[in-house]
Amino acid sequence: MLGRLGQFPCDVHKIAEQCGIKVLKPSLHGANAGRARVCFCPITLKRIGQAHGADHLRLVLRLIVESRGNAGELQGDVITAVSAVVLSGLVEIRADLFDDIDLGQVRTWAQFVKPGCSTQQAMATALLWLLASPDRIIPKLSAEEVAAEEKRAEIARKGRENAKRRRIKAAGDCATA
């Protein structure tokens, strides 16, 4: 999901401060848990900032903390999922993007469900389904692609029929022997 590290120089503390966020060490999480605008995942911030630049990281953090009710949702899973949504290009990015979405609730759902993927991936997928139109997520096939898909399906159907005939014939040959 994230590119090579070190591609962009990034001072995560300075960027977080610009967004009104205090970045603390993960070891301090217990004493300060539940506080709004406090982030305990500097490594995640650094990875995203170095891979995609300071402007991208600033946008991701602002989308989270400046949306209604989500200022306390600065966990690594949430930050990474929001970054993936921004990078997808499937959603129009605007200031009120997450105002009607409880990111904590989506994260809880993603942690519980995890359909064969990480919490971040499940969360990014859920957010894309909530925010993007289905036509953008799953583009319609062209007439040529539809015809090619029908041809592949017909070939597969004939292959299954032939295999069934061979099994029946082989079973009949064994019974007569």
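# Briefing: a buried phenylalanine, helix packing and salt bridges

F98 is buried, with a relative accessible area of 0%. Here, buried means under 20% relative accessible area, exposed means over 50%, and partly exposed is in between, using a 1.4 Å probe and protein chains only. This is a predicted model, so local features need pLDDT of at least 70 and side-chain atom pairs count only at pLDDT 80 or more, while totals for chains, interfaces and linings use all residues. Residues are numbered from 1 along each chain as its sequence is written, and side-chain values use heavy atoms, with hydrogens and water left out.

**Around F98**

- F98 is found in the loop between α5 and α6. Helices (H or I, at least four residues) and strands (E, at least two) are DSSP runs, numbered from the N terminus.
- What does F98 touch, once residues up to four places away in sequence are set aside? The list is L63, S67, N70, V82, L103, L127 and L131. Contact means heavy atoms within 4.5 Å.
- F98 and W129 are 31 residues apart along the chain, and their C-alpha atoms are separated by 13 Å.

**How α3 and α4 pack**

- Helix α3 (residues 42-52) packs with helix α4 (residues 54-65) at an angle of about 135°, and their axes are 6 Å apart. That angle makes α3 oblique to α4.
- For the geometry, axes are lines fitted to C-alpha atoms, for helices over the stretch in contact, and angles run from 0 to 180 degrees between N-to-C directions. Angles under 35 degrees count as roughly parallel, over 145 as roughly antiparallel, 65 to 115 as roughly perpendicular, and the rest as oblique.
- On the α3 side, L45, I48, G49 and H52 make the contact, and on the α4 side it's A54, H56, L57 and L61.
- H52, from helix α3, is partly exposed, with a relative accessible area of 23%.
- H52 and V91 are 39 residues apart in sequence, and the C-alpha to C-alpha distance is 18 Å.

**Salt bridges**

- How many salt bridges are there? The count comes to 11, where a salt bridge is a side-chain nitrogen of Lys or Arg within 4 Å of a carboxyl oxygen of Asp or Glu.
- One of them joins the side chains of R62 and E66, at 3.2 Å from N to O. R62 counts as partly exposed at 32% relative accessibility, and E66 also counts as partly exposed, at 46%.
- Over in helix α9 (residues 143-176), R157 and E154 lie 3 residues apart, about one turn of the helix. They form a salt bridge, with the closest N and O atoms 2.3 Å apart.
- R157 is partly exposed at 32% relative accessibility, and E154 is partly exposed at 30%.
- R165 and E161 form a salt bridge too, their closest N and O atoms being 3.9 Å apart. These two are 4 residues apart in helix α9, so about one helical turn separates them.
- R165 is exposed, with a relative accessible area of 51%, whereas E161 is partly exposed at 33%.

- Which residues form the nonpolar patch on the surface? W109, F112 and V113 do, with about 350 Å² of accessible area together.
- Patches are made of residues with over 30% relative accessible area and no salt bridge; like charges are joined within 9 Å, and nonpolar side chains (Val, Leu, Ile, Met, Phe, Trp, Tyr) within 5 Å.
- Accessible areas come from the Shrake-Rupley method with a 1.4 Å probe, and for residues only the protein chains shown count as cover.
- W109 sits in helix α6 (residues 103-113) and is partly exposed, with a relative accessible area of 41%.

**Two more residues to look up**

- R68 lies in the loop between α4 and α5 (76-88). R68 is exposed, with a relative accessible area of 56%.
- Leaving out residues up to four places away in sequence, R68 touches D99 and D100. R68 and L97 are 29 residues apart in sequence but 9.8 Å apart in space, C-alpha to C-alpha.
- D135 lies in helix α8 (residues 134-137) and is partly exposed, with a relative accessible area of 49%.
- D135 and T80 are 55 residues apart along the chain, and 24 Å separates their C-alpha atoms.
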